[in-house]
Amino acid sequence: MPELMQFLLSGVTVGAVYALVALGFTIIYNASDVVNFAQGEFVMLGGMITVFAFKAGLPLPLAALIAVAVTAAIGVALNKLAIEPARGAPVVSLIIITIGASIFIRGVTQLVFDKQLHRFPAFSGDDPIRVLGATILPQSLWVIAGALAVFVGLWLFFTRTLMGKAILATSNNRLAAQLVGINTAWVMTLSFAMSAGIGALAGVLVTPITLVSYDVGIALALKGFAAAMLGGMGNPKGALVGGILLGLLEALTAGYISSQYKDAAAFIVILAVLFAMPQGLFGKKSTDRV
Amino acid sequence: MLTVEGLRSRYGRIEVLHGIDLAVNSGEIVTVVGANGAGKTTLLRCISGVQPVTGGAITFRGDVITTVPGFKRLRRGLAQSPEGRQIFTNLTVEENLRLGAFLFSDDRVDRDMEDAFQMFPILKQKRNQAAGGLSGGQQQMLAIARALMGRPSCLLLDEPSMGLAPILVQQIFDVVSGLKKLDVTVLLVEQNAFGALKIADRGYVMETGRISMEGPAAELIADPRIREAYLGI
């Protein structure tokens, strides 16, 4: 029993990381239908910038804040320099641009910082907390709380605020969005800033557990993308549930079968779900009448 | 209220508007009729600012707005209900209407929405449904209602009768002629020349990117050339 509990706890922790990455995908996707494969680099940048700002002597909260702000600015730059000039290109081309951007960001990070693994101290110490015979790190609670907070924030933003609706409207019909007075270029800028900021926040929260180096972004982006697809792309609820499910699947497979099969098991389940529900668990079927 | 002088526009290397002159006075319903491909929609897209202009000037309420970006023109009172309705299909009817008043967040938004529901009761019934599931006529009503939520002083209407059943066409034209009472000036682009000229004060006939005739709507309806070319009488 304590064994199962331990697997569940570590599954939820990893799942919360995936959920945070997946939540970052939702905003840019909602604004433009683009899956931003540089999302993992935002997570990496959040961790790396915090590490180096902290090493330079800044207090940890300030270092984290700077990391989120700088990463958001990099997100805006990505939009202005790479996505906006290609406006009108098919979505697939834009997605390929984001893949290129992710390779570029990784290369520059390698040059500006280094290739080592880094970490900074956990926010509330490293003493494990005992829960029903299993243990969980205090930092894991920070990650889970972070994922929940971002989820609630995004959910309120997209369902309750006019700006959130304006983002949805922009992706649905850019022409009509302009005609009702929405500055669609600004909507894109805002969504890249928010996505990048959320990615960086994820990086700040998970670095004490998973460590960070210039190349951690790819794996995180892939898992986060899988989680978002499982839950239904564009839906914050889907990102949260998909992330946690993916984390649990991996942890249980690693615990009861073999850790070598954990990725395979997770992806087999995702494939099975997508066969039955191509829109993901919470994805909306698009209804168009002509 | 709205003046267009020598307007030119092109798609790539092909010029589709070769110098359009047109004026709409406050309180009027003015219609631009013409065959498919004459450039009517391009003309409206230039006026609403979503199509690049290569020559000429557009003046609205005394200001030259030729280079004002599209999303800023509604702030000046110029709204467009575009061709093909262009509603937000994945949002609900109510969300579509609320976004029509994107620029506003005062009490009048709710009142305007009630007015819209009064004008089109079917939209009230379906207010919480996804707009993509509405029928063509209902989508057209939503497109007009959404444009009115932006509190325009001048409304550009592009082919509101396109693809609708005859009974709905009449209903839409009735609504358009009722806009006069709401102090909304209308520039109506239509292939259905007869229906449009019947409710309009003045009309322009457009052929391959040029204005070929203009005059009071009643005279245009009576003109033998128009009757032959556009009314099929």
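Predicted model: local features only at pLDDT ≥ 70, side-chain atom pairs only at ≥ 80, totals over all residues.
Colleague: Let us start with helix H3 of chain A. How many residues has it, and how far does it reach?
Modeller: H3(A) covers residues 60–83, which is 24 residues. From its first C-alpha to its last it reaches 33 Å, close to the 34 Å expected at 1.5 Å a residue.

Colleague: Which of the residues of H3(A) are buried?
Modeller: Among them are Ala63(A), Ala64(A), Ala67(A), Val68(A), Ala72(A), Ile74(A), Leu78(A) and Ile83(A). The buried residues also include Thr71(A), Gly75(A) and Asn79(A).

Colleague: And what covers the buried residues there?
Modeller: The cover includes three helices of chain A: H2 (39–55), H4 (91–112) and H8 (184–210).

Colleague: Turning to the largest nonpolar core, which residues touch the most other members?
Modeller: Those are Ala19(A), Leu23(A) and Ala145(B), in a core of 162 residues. Helix H1 of chain A, residues 2–32, gives the most to this core, with 17 residues.

Colleague: What is Leu23(A) in contact with, leaving aside its neighbours within four places in sequence?
Modeller: Leu23(A) is in contact with Val150(A), Phe151(A) and Leu154(A), with Ile198(A), and with Pro236(A), Ala239(A) and Leu240(A).

Colleague: Now the contact between the chains. How many residues does each chain bring?
Modeller: Chain A brings 21 residues and chain B brings 25 residues. On the side of chain A that touches chain B, helix H6 (162–172) and helix H7 (174–179) each supply at least two residues. H6(A) gives the most to that side, with six residues.

Colleague: How does the side of chain A divide by class?
Modeller: The side of chain A that touches chain B has nine nonpolar, eight polar and four charged residues.

Colleague: On to chain B. What is the strand order of the six-stranded open sheet?
Modeller: The order is E6-E7-E8-E3-E9-E10 in chain B, and the pairing is mixed. The edge strands are E6 (78–81) and E10 (210–216) of chain B, each pairing on one side only. Neighbouring strands of the sheet are turned by 15° against each other on average, direction ignored.

Colleague: In which sense do E9(B) and E10(B) pair, parallel or antiparallel?
Modeller: Strand E9 of chain B, residues 202–207, pairs with E10(B) in the antiparallel sense over six bridges. Gly203(B) stands opposite Gly215(B) in E10(B).

Colleague: Which helix packs on this sheet?
Modeller: Helix H1 of chain B, residues 40–48, packs on the sheet. H1(B) touches E3 (29–34), E6, E7 (154–158), E8 (185–190) and E9 of chain B. The direction of H1(B) makes about 150° with that of E7(B).

Methods:
Residues numbered from 1 in each chain as written. Chains lettered and ligands numbered in written order. Helix = DSSP H or I, 4+ residues; strand = E, 2+ residues; numbered from the N terminus. Expected span 1.5 Å × (residues − 1). Buried ≥ 20, exposed ≤ 12 C-beta atoms within 10 Å, placed from the backbone. Contact = placed C-beta atoms within 7 Å. Core = buried A, V, L, I, M, F, W, Y, C linked by C-beta atoms within 7 Å. Nonpolar A, V, L, I, M, F, W, Y, C, P; charged D, E, K, R; others polar. Pairing = 2+ DSSP bridges. Axes fitted to C-alpha atoms, helices over the stretch in contact; angles between N-to-C directions.
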